[in-house]
Amino acid sequence: QVQLVESGVGLVQAGGSLRLSCAGSGRTFSMSGVGWFRQAPGKERGFVAAISRSDVTIYSADFVEGRFTISRDNAKNTVYLQMNNLKPEDTAVYYCATGGWGTTESQYDYWGQGTQVTVSS
């Protein structure tokens, strides 16, 4: 069984930065890709970024625009999402997922509970 716990300061002003953490337990986490998804109010959950077990990274082409960086520290079983130059439209619940690899929800087996990010204008 894999457990994922997301954390990070939840409120930031537009233009600010925020780093989210996803701490995982179990061998699956260190041997799998990890993805970040987000769900804004009234919208479907969508892909943000992912990192493979060999540190290959992919990002959403829709809104990341070089502002976000995903990284992992396998010694700490943690994946990070550094978000810079945040915009109000980045406001969403952010979820991390593992047990797979790719840009769609169905490609992951395990999900965290989500963490709220609010960007004020």
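**Salt bridges, aromatic pairs and strand pairing**

In the predicted model, arginine 67 forms a salt bridge with aspartate 90, and the closest N and O atoms are 2.7 Å apart. Arginine 67 lies in the loop between E6 and E7, whereas aspartate 90 lies in the loop between E8 and E9, so the pair ties together parts that are 23 residues apart in sequence. Arginine 67 has a relative accessibility of 7% and counts as buried. Aspartate 90, at 0% relative accessibility, is likewise classed as buried.

Aspartate 90 also takes part in a salt bridge with arginine 38, where the closest N and O atoms are 2.9 Å apart. This pair links distant parts of the chain, with arginine 38 in strand E4 and aspartate 90 in the loop between strand E8 (78-83) and E9, 52 residues apart. Both arginine 38 and aspartate 90 are buried.

A further salt bridge joins lysine 87 to glutamate 65, with 3.0 Å between the closest N and O atoms. Lysine 87 is placed in the loop between E8 and E9, and glutamate 65 in the loop between strand E6 (57-59) and strand E7 (68-73); the pair therefore ties together parts that are 22 residues apart in sequence. Lysine 87 is partly exposed, its relative accessible area being 24%. Glutamate 65 counts as exposed, at 55% relative accessibility. Arg38, Glu65, Arg67, Lys87 and Asp90 are linked in a network of salt bridges. Over the whole structure, the search finds five salt bridges.

Aromatic contacts were examined next. The structure contains five aromatic pairs. In one of them, the rings of phenylalanine 37 and tryptophan 111 have centres 5.0 Å apart and planes at 55 degrees, so the pair is tilted; edge-to-face geometry would need an angle over 60 degrees. Phenylalanine 37 belongs to strand E4 (residues 33-39) and tryptophan 111 to strand E10 (residues 110-111), so this pair ties together parts that are 74 residues apart in sequence. Phenylalanine 37 counts as buried, at 1% relative accessibility, while tryptophan 111, at 26%, counts as partly exposed. The aromatic pair of phenylalanine 63 and phenylalanine 68 is edge-to-face, with 6.3 Å from centre to centre and 70 degrees between the planes. Phenylalanine 63 is classed as buried at 17% relative accessibility, and phenylalanine 68 is classed as buried at 3%. Phe37, Phe47, Tyr108 and Trp111 form one aromatic cluster.

Two arginines lie over aromatic rings of these pairs. Arginine 38, which also forms the salt bridge with aspartate 90, lies over the face of phenylalanine 63 at 3.6 Å from the ring centre. Arginine 45 lies over the face of tryptophan 111, at 4.0 Å from the ring centre.

E9 pairs with E4 in the antiparallel sense over seven bridges, and tryptophan 36 stands opposite cysteine 96 in E9. Three bridges connect E9 with strand E11 (residues 115-120), the two running antiparallel; here alanine 92 stands opposite valine 117 in E11. E9 is also joined to E10 by two bridges, again in the antiparallel sense. Alanine 97 stands opposite tryptophan 111 in E10, and tryptophan 111 is also the residue whose ring pairs with that of phenylalanine 37.

Serine 21 lies in strand E3 (residues 18-24). With a relative accessible area of 15%, serine 21 is buried, as the cut-off for this class is under 20%. Leaving aside neighbours within four places in sequence, serine 21 is in contact with Val5, Glu6, Ser7, Trp36, Thr78, Val79 and Tyr80. Among these contacts, Trp36 is the tryptophan that stands opposite cysteine 96 in E9.

Terms used
Residues numbered from 1 in each chain as written. Predicted model: local features only at pLDDT ≥ 70, side-chain atom pairs only at ≥ 80, totals over all residues. Heavy atoms only, no water. Phe/Tyr/Trp six-rings, centres within 6.5 Å; stacked < 30°, edge-to-face > 60°. Helix = DSSP H or I, 4+ residues; strand = E, 2+ residues; numbered from the N terminus. Buried < 20%, exposed > 50% of the residue type's maximum accessible area, 1.4 Å probe, protein only. Lys NZ or Arg CZ within 6 Å of the ring centre and 35° of its normal. Pairing = 2+ DSSP bridges. Salt bridge = Lys/Arg side-chain N within 4 Å of Asp/Glu carboxyl O. Contact = heavy atoms within 4.5 Å.
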